[in-house]
Amino acid sequence: MADIKTQNRAMQMLRNLGIYAVGSIGSRLMTFLLVPIYSFFIAPSEFGYYDICFVVAMFAVPIISMQLRDGAFRYLLDATTDEERTRVVTFTMVAMLRNICACLVLGVAAHLLFDIRCMWYTLVFACVFALFEVVQQMLRGLGHNKLFAGCGILSSFLIFAISVPLVVWTDMGIEGVFVGNIAARIIAMLFAEWRVGVFSKFMRSNVDYKAVGREVIRFSSPLLVVNMILIIISSGNRFFIEHYLGLHDNGLYAVAVKFASILEAIAFIFIQAWQETAIRQYGDADHDAFYSKILNAYLWVLVAFVVSISYVTRLLNNYFIGVEYQDSICLILPQCLASAILNLVFFYDMGYQCSKNTSRQLPCLITALLVSLTSNYYFTIWWGLYGILASINVTYLFMLVYKMIDTRRYMKLRIEPRSVAMLGLLLLSGAMYYVIHNNILVAVYFALVLMAMAVCCPASVKQMLADKLRRNKA
């Protein structure tokens with residue numbers, strides 16, 4: 001009976017993965033297709049400046065949203081009546097509109113005092129991105145997972161359709177990239193409202209949302225600090241690169257990050273499905289065993305994608321990357337590795353969200369921030385861009401070990417021997433990535449690694465896929 005229950009939960013998560021995959025893979029594919037266009041039509045120094053603006057915007061997003069995207073999703077998931085949903089949605093949107101107005105007022109003041117290139121593009125992009133993220137998570141919390149996925153696809157298609165002509169034919173450069181990103185998300189939000197009417201149905205001027213507002217803020221506030229620190233750790237290194245190495249090197253690093261975003265897309269799909277499943281199953285007596293199976297399957301997927309993305313990019317780099325960006329090839333594997341470690345950290349973070357004890361993440365993050373800033377300073381001076389990659393991997397690894405220990409109070413997870421073998425395979429592949437230079441040998445080694453990964457595939461993954469195939473045939 002327990003095995004049947006586990007399979008049912010796994011199949012439900014697999015269904016959610018399928019829905020999120022449609023939206024996220026489609027959206028990330030469009031984003032990935034933009035990389036060669038950017039690399040052929042925008043100079044590395046220009047793209048490096050855009051990346052700095054993007055980092056500033058991403059730092060502003062959690063401040064503007066107060067991390068209400070997570071709070072709204074968590075409390076909408078628990079809501080059982082339309083009255084409760086109305087309180088959550090009304091509070092969330094009132095808070096968001098107030099924050100956006102305050103942000104724009106501060107932008108006007110800054111514009112009067114400073115002459116900063118692309119300041120308004122960056123500010124408006126941050127506000128629109130924050131609102132889009134909150135709307136997306138409210139769609140999930142209200143059960144509109146398919147619309148959530150559809151909005152992701154629509155916004156990414158529009159980014160491609162709007163920004164490419166502006167960059168290629170009107171020579172707008174990075175300003176065209178900003179316009180595409182802003183317009184696409186506004187149109188996607190209007191589409192979502194047209195389809196389900198979240199605001200018209202759940203926003204009311206006379207509703208008393210103070211009590212639920214306090215609960216949402218209590219849940220979201222620690223996550224605001226957590227995400228700001230994470231952004232500083234993951235993206236603050238751009239300022240070290242710009243200061244010590246220059247915008248050209250920052251452009252190279254930005255391209256490597258874009259390729260690693262393929263892995264982030266896969267992880268993002270999983271984390272969304274995992275978040276919903278973990279919260280719903282947290283009260284079950286056998287949740288440790290169930291979570292452990294999911295962890296081992298996820299670890300296998302992460303390792304498989306780190307190796308695959310790195311080696312495929314190595315083999316086909318001339319088709320993906322412009323001549324001026326070829327030096328970024330050697331940065332892709334360690335950047336993908338860092339993304340994989342971070343997403344394992346996110347897996348363990350779910351223990352804090354399930355227990356609603358989000359503030360417990362802060363000691364780890366504060367310590368990790370100190371590790372990141374110190375290592376970025378010294379490693380960048382010593383090893384250049386490789387020092388940046390070493391710093392971010394060391395920082396994420398510290399966070400992972402810390403949270404593996406700390407979250408045992410919420411979930412006791414077991415790593416299987418096959419997963420350990422996959423980690424060994426990852427280390428070997430990382431070394432071979434810099435040893436083998438002939439493309440034929442790279443292809444042969446990659447084929448051998450794929451066979452080894454198939455042997456190491458967890459039994460739970462094989463069982464889920466087999467069950468899924470049987471049900472589809474039936």
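Reader: What places R87 and E83 about one turn of the helix apart?

Author: Both residues belong to helix α4 in this predicted model, and four residues separate R87 from E83. An α-helix has 3.6 residues a turn, so residues three or four places apart point the same way.

Reader: Why is the contact between R87 and E83 called a salt bridge?

Author: The N to O distance between the side chains of R87 and E83 is 2.6 Å. The cut-off is 4 Å between a side-chain nitrogen of Lys or Arg and a carboxyl oxygen of Asp or Glu, so the pair qualifies as a salt bridge. R87 has a relative accessible area of 26%, so R87 is partly exposed, between the limits of 20% and 50%.

Reader: How many salt bridges does the structure hold, and which residues are linked in a network of them?

Author: There are seven salt bridges. R69, D70 and E133 are joined in a network of such bridges.

Reader: What makes α3 largely enclosed by the rest of the structure?

Author: Ten of the eleven residues of α3 are buried, and this is why the helix counts as largely enclosed. Among the buried residues are R69 and D70, along with L68, F73 and Y75. The elements covering the buried residues of α3 include α2, α4, α5, α9, α11 and α13.

Reader: Where are M66 and Q67 found, and is each buried or partly exposed?

Author: M66 lies in the loop between α2 and α3, and Q67 is found in that loop too. M66 has a relative accessibility of 24%, so M66 is partly exposed. Q67, at 5%, falls under the 20% limit and is therefore buried.

Reader: Which residues have the most contacts inside the largest nonpolar core?

Author: They are W274, F347 and M399, in a core of 130 residues. Helix α13, residues 329-354, supplies the largest share of this core, 16 residues. In soluble globular proteins, nonpolar side chains tend to be buried together.

Reader: What does M399 touch beyond four places in sequence?

Author: M399 touches L230, I233, V345, C364, L365 and A368.

Reader: Where does α11 bend, and what makes this helix largely enclosed?

Author: Helix α11, residues 247-281, bends by about 30° at I262. Of its 35 residues, 28 are buried, so α11 is largely enclosed by the rest of the structure.

Reader: What does the side chain of S163 reach, and is S163 buried or exposed?

Author: S163 sits in helix α6, residues 145-168. Its side chain reaches the backbone oxygen of I159 at 2.5 Å. The relative accessibility of S163 is 1%, under the limit of 20%, so S163 is buried.

Reader: Why is R185 called buried, and which residues is it in contact with?

Author: R185 has a relative accessible area of 11%, and buried means under 20%, so R185 is buried. R185 is in helix α7, residues 174-196. Leaving aside neighbours within four places in sequence, R185 is in contact with F125, V128, F129, F132 and I159. The C-alpha atoms of R185 and S155 are separated by 5.4 Å, although the two residues are 30 residues apart along the chain.

How values were computed: Residues are numbered from 1 along each chain as its sequence is written. This is a predicted model: local features need pLDDT of at least 70, side-chain atom pairs count only at pLDDT 80 or more; totals for chains, interfaces and linings use all residues. Side-chain values use heavy atoms; hydrogens and water are left out. Helices (H or I, at least four residues) and strands (E, at least two) are DSSP runs, numbered from the N terminus. Buried means under 20% relative accessible area, exposed over 50%, partly exposed in between (1.4 Å probe, protein chains only). A nonpolar core is a set of buried Ala, Val, Leu, Ile, Met, Phe, Trp, Tyr and Cys residues joined through side-chain atoms within 4.5 Å. Contact means heavy atoms within 4.5 Å. A polar contact is a pair of N or O atoms within 3.5 Å; within protein, one must be able to donate a hydrogen and the other to accept it, and residues adjacent in sequence count only if both atoms are side-chain atoms. The bend at a residue is the angle between axes fitted to the seven residues ending there and the seven starting there.
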